[in-house]
Amino acid sequence: MGMHWFLSLLILKNFKCLNITVIYENKQDIVSWFDAWKFNRPVFFTGVLSDQLGYAIDDDDERIRNNNKHFLNELHRLVFKKSKKKIVRLVIIEKGKGRKHCHMLLDIPEHLSCNLFNDLIEQSWLKTKGGIGTNIKEVFNLNGIQQYLVKEIYPNKEMLGVDIQNSYQ
């Protein structure tokens, strides 16, 4: 089963963003890609964006990625203090029923309980300019979440896809 790679480069006005798009031939290729991510104790987080970002035009997607970056920087600051460790995470930006939002699969650090980590996620998201609501669920079946995310990642004009800048394996 071969993969068909489509590479597009988009350099924004400020020349700080290089957007690389990879298109797979079928869902099985995406499932294989997803299997490379190693999560031990994941939670599935949905971040609701403000009207300004949630209904933003396509040119404003960089602001959503910046909001995700601010969220993750704040979360890391609270979780690891001065350590250089990073949370394993897969970040996806989706345009649902008219409104863009973010899905994240975040691995709970070993030294934290699930409840404390969830509190830190909510606190960090609501501290961003664009974060107005959260939904956090503990993941017991990675296959189920994988099937849900496959629809998010699969090329479709309604999906913005994986936020590569803010994902970490």
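F44 stands opposite K137 in β6. The model is a predicted one, in which local features need pLDDT of at least 70 and side-chain atom pairs count only at pLDDT 80 or more, while totals for chains, interfaces and linings use all residues. Residues are numbered from 1 along each chain as its sequence is written, and side-chain values use heavy atoms, with hydrogens and water left out.

F44 belongs to strand β3, residues 42–49. Helices (H or I, at least four residues) and strands (E, at least two) are DSSP runs numbered from the N terminus. β3 pairs with strand β6 (residues 131–138) in the antiparallel sense over seven bridges; two strands pair if DSSP finds at least two bridges between them. β3 is also joined to β5 by seven bridges, and these two strands run antiparallel. Within that pairing, F45 has M104 of β5 as its bridge partner.

Because seven of the eight residues of β3 are buried, the strand is largely enclosed by the rest of the structure. Buried means under 20% relative accessible area, exposed over 50%, and partly exposed in between (1.4 Å probe, protein chains only). F44 counts as buried because its relative accessibility is 12%. The C-alpha atom of F44 is separated by 10.0 Å from that of N118, a residue 74 places away along the chain.

The largest nonpolar core has 24 residues. A nonpolar core is a set of buried Ala, Val, Leu, Ile, Met, Phe, Trp, Tyr and Cys residues joined through side-chain atoms within 4.5 Å. The residues with the most contacts inside this largest core are F71, L75, V79, M104, L106, F117 and I121. At least two residues of the core come from each of β3, α3 (61–80), β4, β5 (100–107) and α4 (114–127). α3 supplies the largest share, seven residues. I121 is in contact (heavy atoms within 4.5 Å) with V43, F45, F71, L75, L106 and I136, leaving aside neighbours within four places in sequence. A second, separate core of ten residues includes F34, V88, I92 and I145.

Strand β4 (residues 89–95) contains R89. R89 is buried yet has no salt bridge, and D163, the nearest side chain of opposite charge, is 8.4 Å away. A salt bridge is a side-chain nitrogen of Lys or Arg within 4 Å of a carboxyl oxygen of Asp or Glu. Not counting residues up to four places away in sequence, R89 touches several residues, including W37, F39, L72, H76 and Y168.

Methods: Lys and Arg count as positive and Asp and Glu as negative; His and the chain ends are not counted.
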